[in-house]
Amino acid sequence: MEREVLFRIRRFDGEKEYWQDFRFTARKGMTVLEGLYFIKENLDGSLAFRASCRMGICGSCAVKINGKPRLACETQIFDVGDVLEIEPLDNMPVLKDLIVDMDGFFRKHEAVKPYLIRKDDDYENPKELLQTPKELHAYYDFSLCIKCGACYSACPASATRSDYLGPAAITAAYRFCADSRDEGREDRLALVSGSEGVWRCHFNAECSEVCPKSIEPAKAIQKMRLMSAIHMIKSIFR
């Protein structure tokens with residue numbers, strides 16, 4: 001099955017934003033990313049967008065499609081409709097067309113120390129750190145984040161506070177704080193309990209709504225809030 005579709009793309013040339021329309025014939029099963037590649041290869045080679053794996057793993061092709069952040073490689077054109085408005089993600093500076101600058105997003109992710117912290121690190125004599133299935137289940141879902149930025153784009157708190165860590169970074173913090181092998185919880189709680197952390201969340205839950213991996217960042221933030229509250233109460237009596 002084939003039919004004509006309209007891609008309305010919000011573009012940016014470094015100085016001004018503008019909308020540009022592209023009409024072409026799409027086939028059943030064609031994804032939005034394949035549509036963008038068709039435009040670039042056949043209609044306008046100057047169109048800029050980011051993509052890599054084409055299978056929903058790398059997260060680099062996240063864009064807004066009809067107002068909602070999605071992975072272009074996972075979104076079928078016919079599932080959306082005959083008219084698709086495609087824009088760059090929100091809450092990040094646009095570099096060109098659909099490409100945004102994600103440096104700030106990744107700096108926040110790095111700030112929460114998204115790795116195991118151990119006091120007995122010995123790389124010359126490594127040892128296996130065992131976990132029960134229950135201990136793995138405590139954080140496993142939150143380890144599936146692909147850092148696409150969809151949750152950050154949909155977050156109203158990130159839109160109003162540039163210093164807010166955002167749902168992806170706080171989810172990463174929770175993932176490691178909930179890991180039985182980790183010993184860096186106090187370091188992360190000191191950061192996420194601050195003015196740029198969990199208490200800035202409005203609990204709009206749009207982050208969970210748009211997550212392509214169904215990770216539920218809003219749930220991680222609420223769990224992190226509980227940890228933060230306990231951490232703050234304990235700190236009073238130290």
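**View 1. The two domains of the predicted model.** Domain bounds here come from an automatic or database domain assignment, and in this predicted model the chain is divided into domain 1, covering residues 2–99, and domain 2, covering residues 102–237. The C-alpha centres of domain 1 and domain 2 lie 30 Å apart. Across the boundary, 15 residues of domain 1 are in contact with 16 residues of domain 2.

**View 2. The area buried between domain 1 and domain 2.** The size of an interface is often given as the accessible area lost when the parts come together. Between domain 1 and domain 2 this buried area is about 1,200 Å², and carbon and sulfur atoms give 57% of the area. On the side of domain 1, Pro-69, Asn-91 and Met-92 supply 44% of the area that domain 1 buries against domain 2, which is more than any other three residues supply.

**View 3. Polar and charged pairs across the domain boundary.** The count between domain 1 and domain 2 is one salt bridge, together with five residue pairs in polar contact, both residues of each pair being at pLDDT 80 or more. Strand S3 (62–65) and strand S4 (68–71) are the elements that give two or more residues to the side of domain 1 that touches domain 2, and S4 gives the most, with three residues. Sorted by class, that side of domain 1 has seven nonpolar, three polar and five charged residues.

**View 4. The salt bridge between Lys-68 and Glu-209.** Lys-68 forms a salt bridge with Glu-209, and the closest N and O atoms of the two residues are 3.9 Å apart. The cut-off for a salt bridge is a side-chain nitrogen of Lys or Arg within 4 Å of a carboxyl oxygen of Asp or Glu.

**View 5. The aromatic pair of Phe-7 and Phe-24.** The structure holds six aromatic pairs. In the pair formed by Phe-7 and Phe-24, the ring centres are 5.0 Å apart and the planes stand at 70°, so the pair is edge-to-face. Phe-7 lies in strand S1 (residues 2–12) and Phe-24 in strand S2 (residues 17–27), so the pair ties together parts that are 17 residues apart in sequence.

**View 6. The salt bridge between Arg-23 and Glu-4.** The structure holds 22 salt bridges, and in one of them Arg-23 is paired with Glu-4, with the closest N and O atoms 3.6 Å apart. Because Arg-23 lies in strand S2 and Glu-4 in strand S1, the pair ties together parts that are 19 residues apart in sequence.

Key: Residues numbered from 1 in each chain as written. Heavy atoms only, no water. Contact = heavy atoms within 4.5 Å. Buried area = accessible area lost by both parts, 1.4 Å probe. Polar contact = N/O pair within 3.5 Å; in protein donor to acceptor, adjacent residues only side chain to side chain. Helix = DSSP H or I, 4+ residues; strand = E, 2+ residues; numbered from the N terminus. Nonpolar A, V, L, I, M, F, W, Y, C, P; charged D, E, K, R; others polar. Phe/Tyr/Trp six-rings, centres within 6.5 Å; stacked < 30°, edge-to-face > 60°.
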